[in-house]
Amino acid sequence: MRVLRPFDPWKSELCTCGFKLSFNPYTGCAHRCDYCYATYIPRFWEVREKNGLFRNLRRDLEELSGGEVISMSNSSDPYPPIEKEKEITRNCLKLFREYDVKLLVVTKSDLVTRDLDILSEMNAVVCMTITGCDQLERYAPKTEKRIAAFKRVSEIMPAVLRFDPLIPFLNENRLNLIEACDPDHVVTSTLKLRRDSFQRISRALPWLAERLKKLYFDEGEKIGAYWYLNRERRLRMLKIVEDFCSSLGISCAFCREGLDFRAESCDGKHLALKKVNRLGN
Ligand code: SF4
């Protein structure tokens, strides 16, 4: 079974990533974010190991031509709590280093700092999601922990802040998170809703759900399987973040919005194409 697959975010026409490969060392995610987009996958909250992972990964790596960027992970997190003991992601990183892979590590966990010894020797970028919405990310490491981890990462190697999703009335004005992290690049996007994620948000924050209902289901638009805010509202929220980043000299891009941005890539891939080790090793 292939474990490196072309990234295809729910076949979204609004994706601007370009070609990259997607890799999930685990199946399922323990962070259980209420707004998660991947919960159409059966038993998604149960983190499972994959049979024959290392054998399959090595076989897929053998077939690469050398220029591909691998994104780990897009529909799970490579650092669930069991990774502390299992070290599956850590061992995958060793394989990636052996094959000189260009890598984006997408996570909400401070455990990524454990692997800086390996990551700093690679063409790698750590993309940490920090939304400031602990109320909707109850099982993920808290915001303060993530900020501290982010700073540790960025002392050593390129670090991308995923200020994503932007949720109206909740975190759309939390620009201080960008200042606190001082990232190399920011990726942001507005919240997309499915019925199941809306129900979870309604249970966690009923006051918010009441306000989102009108914005999304009355005034918003359905694109593919997701409810979006209307284009004007999205553009307004995203521009505020982009302008703020620009005032700090930080590049900024949008994810699955179908709107133009000025950065070299949306996902921070441009940073993975060059090896940057800030310790000078
Ligand atoms: S970390 Fe990502 S994949 Fe995991 S539950 Fe949260 S949004 Fe979903």
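Start by selecting Phe-169, which counts as exposed because 12 C-beta neighbours lie inside 10 Å. The cut-offs are these: a residue is buried if 20 or more other C-beta atoms lie within 10 Å of its own, exposed if 12 or fewer, and partly exposed in between, with C-beta atoms placed from the backbone. Phi of Phe-169 is near 70°, a positive value in a residue other than glycine. Phe-169 sits in the loop between strand 6 and helix 6 (176–181).

Two notes on the model come before the next stop. It is a predicted model, in which local features need pLDDT of at least 70 and side-chain atom pairs count only at pLDDT 80 or more, while totals for chains, interfaces and linings use all residues. Residues are numbered from 1 along each chain as its sequence is written.

**The whole chain**

Zoom out and colour by secondary structure: the chain has 10 helices and 10 strands. Helices (H or I, at least four residues) and strands (E, at least two) are DSSP runs, numbered from the N terminus. The radius of gyration of the chain is 18 Å, close to the 19 Å that the globule rule gives for 281 residues, so the chain is as compact as a globular protein of that length. That radius is taken over C-alpha atoms, and the globule rule is 2.2 Å times the number of residues to the power 0.38.

Along its principal axes, the C-alpha trace spans about 50 × 45 × 35 Å. Of the 281 residues, 42% are buried. Among contacts between residues at least 6 apart in sequence, 70% join residues at least 24 apart; two residues are in contact if their C-beta atoms, placed from the backbone, lie within 7 Å.

**Helix 1 and helix 3**

Select residues 53–62 and 88–98. The axes of helix 1 and helix 3 come within 11 Å and cross at roughly 25°. That makes helix 1 roughly parallel to helix 3, a description used for angles under 35 degrees. Axes here are lines fitted to C-alpha atoms, for helices over the stretch in contact, and angles run from 0 to 180 degrees between N-to-C directions.

Now show the side chains at the contact. Helix 1 contributes Leu-53, Phe-54, Leu-57, Arg-58 and Leu-61, and helix 3 contributes Ile-88, Asn-91, Cys-92 and Leu-95. By class, the contact has 7 nonpolar, 1 polar and 1 charged residues. Ala, Val, Leu, Ile, Met, Phe, Trp, Tyr, Cys and Pro count as nonpolar, Asp, Glu, Lys and Arg as charged, and the others, Gly among them, as polar.

**Two cis peptide bonds**

Go to Met-72 and Ser-73, where the peptide bond is cis, with omega near 0°. Ser-73 lies in the loop between strand 3 (69–72) and helix 2 (83–86). Then select Asp-164 and Pro-165: this peptide bond is also cis, with omega near 5°. Pro-165 belongs to strand 6 (residues 159–166).

Select Glu-242 in helix 9 (residues 231–248). Is Glu-242 buried or exposed? Glu-242 is buried, with 22 other C-beta atoms within 10 Å. Not counting residues up to four places away in sequence, Glu-242 touches Cys-252 and Phe-261. To Lys-151, 91 residues away in sequence, the C-alpha to C-alpha distance from Glu-242 is 21 Å.

End at Arg-256, in the loop between strand 10 (251–254) and helix 10 (269–272). Phi of Arg-256 is near 50°, a positive value in a residue other than glycine. Arg-256 counts as buried because 23 C-beta neighbours lie inside 10 Å.

Methods
Angles under 35 degrees count as roughly parallel, over 145 as roughly antiparallel, 65 to 115 as roughly perpendicular and the rest as oblique.
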